[in-house]
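Subject: The structure you asked for

Hi,

Here is the model I promised to send over. Have a look at it first, and then read on for my notes.

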Amino acid sequence: MSGSSDPRLTVGLIGLGNMGAPVAERILAAGFPLVVYNRTPEKARSFETRGAVVAETPQDVVRQSDIVLTSLADDSALEDVAAVVLGSARAGTILADMSTVSPAASARVAALADAASVSYLRAPVSGNPSVVRAGNLTFMVSGPPHAFERAEHVIRAIGPTIHYLGEEEEARVVKLAVNLMIAGLAQLMSEALVLGESAGVARATLLDVMGNSAAGAPFVKYKTEPLLRNDFSATFTTALMEKDVDLVLDVAADANVELPLAGAIKLLLRAAIDGGYADQDFMALFLQLRKAAGLDAAGRLSRMGV
Ligand SMILES: NC(=O)c1ccc[n+]([C@@H]2O[C@H](COP(=O)([O-])OP(=O)(O)OC[C@H]3O[C@@H](n4cnc5c(N)ncnc54)[C@H](OP(=O)(O)O)[C@@H]3O)[C@@H](O)[C@H]2O)c1
């Protein structure tokens, strides 16, 4: 615990959703003392037997931790939780938030943190739960450099690639820029698959060639196996991807720049959500496109057996 003879920082983690749960696993595997809290307590229970302390409230996490990580759904979740954390934190505590949120909400949290003498790191991530478990998560970090120095070994235990980007909201903006690309890739990949499959080429063939082409980003490879299994269970929900593209459009509007494709992707995500795919993986953009084309949802993998 904080102030114990263990030279390692005690880590608190609030939010054990799709991302938070594997993050907790990695922190435990790296040997850090860990205190966890989740709004829905059932998700926290299994961590008790794995060596974490399960706190009853966010305040309990803060009291027992040197660094508090948060992995929360959206702006309002972060602002609600940060208000509680910062209301009970000791001076010198570090708050490092891994959620994808707007630069505006993050700046409001920064002002509260400043008033509470808490060092606040913006630490959004790029990856998905399998990427976390494989130890390949990428962090974009901004905030006070001294806090980054203290927290770096904890962050590195979660994911090895860290881009330190500046002292304010830089990490928030870069994360949104990357996620805009991911959302666009998902839609373009869906269109390319529907094009190829409707002309009789097997999905496996298309994915193999795509993955080895100039467009074969890591994302194409992550999605290949689930697409071959027709598995659209969420690593990242369509609802959360819509949230991210909304944040992109807000930042663009504030900066007075037009992003035509981002606007179109927002409408496509909304159509997928209205089509019943809110809680499925955002790769359900593919299912929505197939549905719109009058094809059955999953489709045969090949019409011509190629
Ligand atoms: N999944 C990915 O691949 C991925 C990749 C990169 C970044 N992200 C970002 O990481 C964050 C977490 O994503 P996720 O996929 O783990 O989402 P998720 O599975 O939906 O988990 C969301 C977490 O936020 C908590 N939460 C929501 N509203 C809350 C509130 N008002 N007060 C307290 N806790 C609240 C939830 O608690 P309950 O369990 O009680 O609902 C849950 O622990 C999001 O910002 C997402 O955009 C996700």
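**What I found**

Is Ala-147 buried or exposed? It is buried, because 22 other C-beta atoms lie within 10 Å, and the cut-off for buried is 20 or more. Leaving aside neighbours within four places in sequence, Ala-147 is in contact with Ile-94, Ser-119 and Leu-121. Take Ser-119: 28 residues separate it from Ala-147 along the chain, yet their C-alpha atoms are 6.1 Å apart.

Now the overall picture. The protein has 13 helices and 9 strands. Its radius of gyration is 21 Å, close to the 19 Å that the globule rule gives for 306 residues, so the protein is as compact as a globular protein of that length. The C-alpha trace spans about 65 × 45 × 35 Å along its principal axes. Of the 306 residues, 44% are buried. If you take the contacts between residues at least 6 apart in sequence, 65% of them join residues at least 24 apart.

On to the domains. The protein divides into domain 1 (11–168) and domain 2 (173–292), with 27 Å between their centres, taken over C-alpha atoms. Where they touch, domain 1 puts in 13 residues and domain 2 puts in 15 residues. On the domain 1 side of that contact you will find 6 nonpolar, 6 polar and 1 charged residues.

How many residues surround the ligand? There are 25, and the closest are Gly-17, Arg-39, Thr-40, Ala-77 and Phe-236. Helix H4 (75–88) and H11 are the elements that give two or more residues to this shell, and H4 gives the most, with 3 residues. Sorted by class, the shell has 9 nonpolar, 12 polar and 4 charged residues. Why do I place the ligand between the domains? Because domain 1 (11–168) and domain 2 (173–292) both give residues to the shell around it.

Ser-117 has a positive phi of about 55 degrees although it is not a glycine. You will find Ser-117 in the loop between helix H5 (103–115) and strand E6 (119–122). With 12 other C-beta atoms within 10 Å, Ser-117 is exposed, since the cut-off for exposed is 12 or fewer. Asn-230 is not a glycine either, and it too has a positive phi of about 55 degrees. Asn-230 is in the loop between helix H10 (218–228) and helix H11 (238–254). It counts as partly exposed, with 13 C-beta neighbours inside 10 Å.

Last, a word on confidence. The protein averages a pLDDT of 94, and 94% of the residues score at least 70. Over residues 1–6 the pLDDT is below 50, and that stretch has 8 contacts in the model beyond near neighbours in sequence. Residues 300–306 are also below 50, with 11 contacts beyond near neighbours in sequence. Where pLDDT is low, the predicted coordinates should not be read in detail.

Cheers

Conventions:
Residues are numbered from 1 along each chain as its sequence is written. This is a predicted model: local features need pLDDT of at least 70, side-chain atom pairs count only at pLDDT 80 or more; totals for chains, interfaces and linings use all residues. Helices (H or I, at least four residues) and strands (E, at least two) are DSSP runs, numbered from the N terminus. A residue is near a molecule or strand if its C-beta atom, placed from the backbone, lies within 6 Å of it. Ala, Val, Leu, Ile, Met, Phe, Trp, Tyr, Cys and Pro count as nonpolar, Asp, Glu, Lys and Arg as charged, and the others, Gly among them, as polar. Domain bounds come from an automatic or database domain assignment. Two residues are in contact if their C-beta atoms, placed from the backbone, lie within 7 Å. pLDDT is the predictor's confidence in each residue, from 0 to 100. The radius of gyration is taken over C-alpha atoms; the globule rule is 2.2 Å times the number of residues to the power 0.38.
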